[in-house]
Amino acid sequence: MAEGDEDLPRDAKIVKSLLKSMGVEDYEPRVIHQFLELWYRYVVDVLTDAQVYSEHAGKNTIDCDDVKLAVQSKVNSSFSQPPAREVLLELAKNRNKIPLPKSIAGRGIPLPPEQDTLISPNYQLSIEKKESAQAAEEMEEDEQSTEPNASEEQRTDMLQQTPQKVSFPLARRTK
């Protein structure tokens, strides 16, 4: 082994040889300690579960079956298994019963129908409301009769602050 391996514990030497066998040559020294910690934690969890299973079975000692059951339990809870092939085929069959939306025929890339796209108008324009001179005079007369102290400037501000919202669809391009 390389220099400095003599003072490493046996488990650390095993981790180091595993890394080397997998082709990992360059790594930080703390990686070995992190793998050891993960390894010890996993073993303690599995053996604790095996002890619980052994006590449940009424045995005084842990045997191979208890450890196998604990490992299988750990694998089932830690890793998710993909669904069975039959389940996936059934899901695909149900999903494929729904036809795809028809595309708009034309030059270039075919697009889905307009109701299925995000290009429909989604905006509003705020246009100031312009009144005729006669309607403005009538409004001024009404306001003068109700508010004798209101200045001319306030009245014109009130008339200009009533925006009108307008929205319209985009025009279709002719072919």
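**Exercise 1.** At roughly what angle do the axes of helix H2 (residues 30-56) and helix H3 (residues 64-78) cross, and within what distance do they come? Classify the pair and describe the contact.

*Solution.* Keep in mind that this is a predicted model.

Step 1: geometry. The two axes come within 8 Å and cross at roughly 120 degrees.

Step 2: class. Angles of 65 to 115 degrees count as roughly perpendicular and those over 145 as roughly antiparallel, so H2 is oblique to H3.

Step 3: handedness. The crossing of H2 past H3 is right-handed.

Step 4: residues. H2 contributes Tyr-42, Asp-45, Val-46, Leu-47, Asp-49, Ala-50, Tyr-53 and Ser-54, while H3 brings Asp-66, Val-67, Leu-69, Ala-70, Val-71, Ser-73 and Lys-74. Sorted by class, this contact holds nine nonpolar, two polar and four charged residues.

**Exercise 2.** Let's stay with H2: which of its residues are buried, and what covers them?

*Solution.* Step 1: start with the helix itself. H2 has 27 residues and spans 39 Å from first to last C-alpha, close to the 39 Å expected at 1.5 Å a residue.

Step 2: find the buried positions. These are Ile-32, Leu-36, Val-46, Ala-50 and Ser-54.

Step 3: look for the cover. It includes helix H1 (10-21) and H3.

Step 4: check what follows. After H2 comes Gly-58, with a positive phi near 80 degrees.

**Exercise 3.** Is Asp-11 buried or exposed?

*Solution.* Step 1: locate Asp-11 in helix H1.

Step 2: apply the cut-off. Buried means under 20% relative accessible area; Asp-11 has 18%, so Asp-11 is buried.

Step 3: list partners. Setting aside neighbours within four places in sequence, Asp-11 contacts Leu-36, Trp-39 and Tyr-40.

Note on methods
Residues numbered from 1 in each chain as written. Predicted model: local features only at pLDDT ≥ 70, side-chain atom pairs only at ≥ 80, totals over all residues. Heavy atoms only, no water. Axes fitted to C-alpha atoms, helices over the stretch in contact; angles between N-to-C directions. Helix = DSSP H or I, 4+ residues; strand = E, 2+ residues; numbered from the N terminus. Parallel < 35°, antiparallel > 145°, perpendicular 65-115°, else oblique. Left-handed = near helix turned anticlockwise from the far one by under 90°. Contact = heavy atoms within 4.5 Å. Nonpolar A, V, L, I, M, F, W, Y, C, P; charged D, E, K, R; others polar. Expected span 1.5 Å × (residues − 1). Buried < 20%, exposed > 50% of the residue type's maximum accessible area, 1.4 Å probe, protein only.
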